[in-house]
Amino acid sequence: MSAKLGEILVRENLISSQQLRETLEYQRANGGRLGSNLVNLGMVSDDVITAVLSRQYGVPSINLELFQIEQETIKLISQEVALKYSVLPISKVGATLTLAMADPTNVFAMDDIKFMTGLNVEPVIASETSLLVAIGKYYSLSNQIEIFDAAAISGLERFTPSIGGNGNGNGKNLNGKNGNGKNASGVADSGASDDQRLIESDLNVSLDRFEFAATDGEEFELLEDNDEIDLAQLAIASEDAPVVRLVNVLLVDALRRGASDIHVEPYEKDFRIRFRIDGVLYDVMHPPMKMRDALISRLKIMSKLDISEKRLPQDGRIKVKVKIDNRSRELDFRVSSLPTLFGEKVVLRLLDKDKLMLDMTKLGFEQESLEIFQRNINKPYGMVLVTGPTGSGKTNTLYSALQALNTSETNIMTAEDPVEFNLPGINQVQMKEQIGLNFAAALRSFLRQDPNIVLVGEIRDFETAEIAIKAALTGHLVLSTLHTNDAPSTISRMVNMGIEPFLVATSVNIIQAQRLIRKICKDCKEEVHVPVEGFLEIGFSAEDAAAMKAYKGKGCTVCNNTGYKGRIGLYEVMEITDELRELIIIGASAIELRRKAIELGMITLRGSGLRKLSEGITTIEEVVKETVL
């Protein structure tokens, strides 16, 4: 079948011979059907493959999204068989079963199902992706997944988490009750609901310092990449499915708590879910082990990943529209699955448009650093580099810069991996390494698109760096990122990539290093005593140390008893002046460049942290953790 399908696609000019050869090589290395691999590599769409197969075999094709299949029909075939053969029973009329198949030539599948059901099988074609989505949709309702009563999930709003417990409800609750339903004095608590006790005993939830909010009354629907789709039927059909309900609770609660990431982690004897809030991971819950596969499969289906592929990492995206507190919110999650020893770990990065701070004056810049940065991004050409580790706010800074530069007279083009937020008026391109669309290839194409400003998501290699520098030297403003510890070491990094020092010196306008630190919670902020020596050790002068006051968060319900609420940036802005250019050209070290930049007035990351300390914004621990003297 594979060769015939490939020949038809080439003959009808739907793919090129080169694309077919590349896909066949990919198939030999990774397995799978030719049609699925063509779709995965972005060569053709699911609909094209389905239409070609339909013509080739004279079998009708169907759109599964338009069908509402009865549960009695679904029960004719087990979930394992449906996944094994990529099939789904559609309808039963008399002794004939209509079966949606990705491969209508699979006679083994039809024979097996004919034997199991005792029915004649009539095949129709559906795309493999739509089959996987439909299998996840319908079989999540079956009684094969016996986890707990769905009504219990709605009791999450009444659940009070344990403090110091071991994940099985034996710790003390915030209201002084023990996890076994008794209060601190040992008297049974008649006020504890059956739902609450069921969750504590069956879910094994351990929510140190956290309290889950329910999703009752919240509308939750899945969105396609570009268009909002109507999933009312799916919402109605799935409202009693415990796995679906739990996933909805996780996504909504992550938003409410201001989490940036959700970590779903399987271990040998434990299944853990954690939230990253203000840069720190917190244990949120420990669902039963029997929920592991179902919950991970649900997340993979929502993000349109291959649930049958458990050996390779996969990346996807979830878009949901949810109504919280009578307000409709559109959420975007970037999803990454990774095979580990005891199952797939899934990490979801919440991309909340409401949290995207596009006003540069509110990011945490010192006034003089902000003026330098704004002056350089308004230059007609040259390179602006933002450096720092993953999760340091580089993307937010660059988006803020683009927003400030985004006018109707300016052509702005970005190459990103991935595109995190859609910015109106800016041409954003998603990288696809598997088909050869990388930063270097995109940048070459950009230069033929008459751009004024170009953003390259990351300079990873010599080729990308070389093209970016040539663009900066030929009248374009280029913005990009690098992974370095501070601003001066960025020069050494580029030279080590193979870029000539004189090219670096003449093309780069400014380098900015940044970090994110947690802010003290305003609701429980209090002054703490720190000896003068403590301030001297972290870099304050004797005069400043004597006048310093330190603050800390005591912990309250607003900040989940952490003492911190929100984050702010530390910025080290190094403008490439004539003095620094001379040092770069003669091959000066990062230490020499740093010394000269400080002499010229650069505020270091530690200096920026000390200013935040003196303003009572953060704590000594946060500054010491993220910066060095």
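Student: What makes up the secondary structure of the protein, in helices and strands?
Tutor: The secondary structure of this predicted model comes to 25 helices and 21 strands, where helices (H or I, at least four residues) and strands (E, at least two) are DSSP runs, numbered from the N terminus. Residues are numbered from 1 along each chain as its sequence is written, and totals for chains, interfaces and linings use all residues, whereas local features need pLDDT of at least 70 and side-chain atom pairs count only at pLDDT 80 or more. Side-chain values use heavy atoms, with hydrogens and water left out.

Student: Why are 50% of the 629 residues called buried?
Tutor: Buried means under 20% relative accessible area (1.4 Å probe, protein chains only), so 50% of the 629 residues fall under that cut-off.

Student: What makes α4 stand out in the lining of the largest cavity?
Tutor: Lining residues have an atom within 4 Å of a cavity point, a cavity being a set of points on a 1 Å grid over the protein atoms alone where a 1.4 Å probe fits but cannot get out. The largest cavity is lined by 15 residues, among them Ser36, Ile49 and Glu128; α3 (34-40) and α4 (46-57) are the elements that give two or more residues to this lining, and α4 gives the most, with 4 residues.

Student: How many cavities does the search find, and what is the volume of the largest?
Tutor: The search of the whole structure finds 4 cavities of 30 Å³ or more, and the largest has a volume of about 120 Å³, a volume being the space filled by probe spheres set on the points, which are joined across faces, edges and corners.

How values were computed
On a 1 Å grid over the protein atoms alone, a cavity is a set of points where a 1.4 Å probe fits but cannot get out, and a pocket is an open set with protein on both sides within 12 Å along at least five of seven lines; lining residues have an atom within 4 Å of a point.
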